[in-house]
Amino acid sequence: PLRREATVLVPRGMTVDQMADLLAREGIIRNERLFKAWARLRRLQLIRGEYTFDPRASASDVANKLRRGDIHFTAVVLAPSMHAWSVEKRLRSFIPEDVFWKLWRSPRLASAAGFPEAESLEGLLAPATYKLHHAMEPEEILLMMAEAFHNHVVPELEGGPFTPYQTLILASLVEKETSVPAERAKVAGVYAKRLRMGMRLQCDPTSLYARWLTGDLRFTAPTPEDIHRPHPFNTYARAGLPPTPIAIPGREAIAAAKAPEVDGDLFFVATGKGGHTFAPDLQAHNRNVRQLRKTLKARQDGPKRS
């Protein structure tokens, strides 16, 4: 009887009788009594999951799909540079928003990731493609991602001049600061040198992260208010690393944080063309800032008409 594709969820603990009644209500089968009799005869064991049925599927098609556990999965990608709010948005159809934020600060999930001292799951979910279905429990989904982090990312954090969690935090700053592979170790080196000197990191992405934690979810460039905000995550206002990572770092950013390229440079600024210009002192840095402003102004003004 099915006229269009239909999807049903088989939650944990659902009985065959409940399944048959659901299939009949959704118009997937005509005779639930016959289906129940078949299921008992075949000793059908329901496998929890999400099942999609094609139009005009026969009762045999429906029954065999359930017997095989032919579950419909959705591929969900968590990529480097994603932070809490982008992860929440990506998982919204699987995890209600209020449940997500409650689980985000779960000590049990942080422990599963390998860092029980972490304030949240920020940075503790492995970047990967996950196969999910809508019958999965919210905690089960995040646990899968945290365990993948523990198994595949934590071993990469060993070694280097920092503790594994500090390496993860520094790598997240590098990830958010530059997407140019050749710059990652230099950016990490500037921050490592500043940490050694006791100088504030003055990392723009941390000032934005502090803004978002206050509930202001404008995803725009930092403002003077952001830079001067007295917040634990704002490295313009506080010395040292922020309390947690500020995003998911990729493998290259982690490698840079483990082997920072510490040289004479202490500052860097965007070029306006996709990369950064590095400088050893404030005087040279200010020249680079002025050049950036000229570049941005020229781009804003556009070519002159003759």
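This is a predicted model: local features need pLDDT of at least 70, side-chain atom pairs count only at pLDDT 80 or more; totals for chains, interfaces and linings use all residues.
Colleague: What makes the protein more spread out than a compact globule?

Modeller: The protein, in which there are 13 helices and six strands, has a radius of gyration of 26 Å, and this is well over the 19 Å that the globule rule gives for 306 residues, so the protein is more spread out than a compact globule. The C-alpha trace spans about 85 × 60 × 30 Å along the principal axes.

Colleague: Which residues of helix H5 are called buried, and why are they said to be on the same side of H5?

Modeller: Buried means under 20% relative accessible area, and in helix H5, residues 97-104, the buried residues are Phe100, Leu103 and Trp104. Around the axis they cover an arc of only 105°, and therefore they lie on the same side of H5.

Colleague: What covers the buried residues of H5, and which exposed residues does the face turned away from its buried side carry?

Modeller: Among the elements that cover the buried residues of H5 are helix H4 (84-90), helix H6 (107-113) and helix H7 (138-152). The face of H5 turned away from its buried side carries Asp98 and Lys102, which are called exposed at over 50% relative accessible area.

Colleague: How do you know what part of the contacts joins residues at least 24 apart?

Modeller: Contact means heavy atoms within 4.5 Å, and among contacts between residues at least 6 apart in sequence, 62% join residues at least 24 apart. Buried residues, for their part, make up 46% of the 306 residues.

Terms used: Residues are numbered from 1 along each chain as its sequence is written. Side-chain values use heavy atoms; hydrogens and water are left out. Helices (H or I, at least four residues) and strands (E, at least two) are DSSP runs, numbered from the N terminus. The radius of gyration is taken over C-alpha atoms; the globule rule is 2.2 Å times the number of residues to the power 0.38. Buried means under 20% relative accessible area, exposed over 50%, partly exposed in between (1.4 Å probe, protein chains only). The arc is that of the directions from the helix axis to the C-beta atoms.
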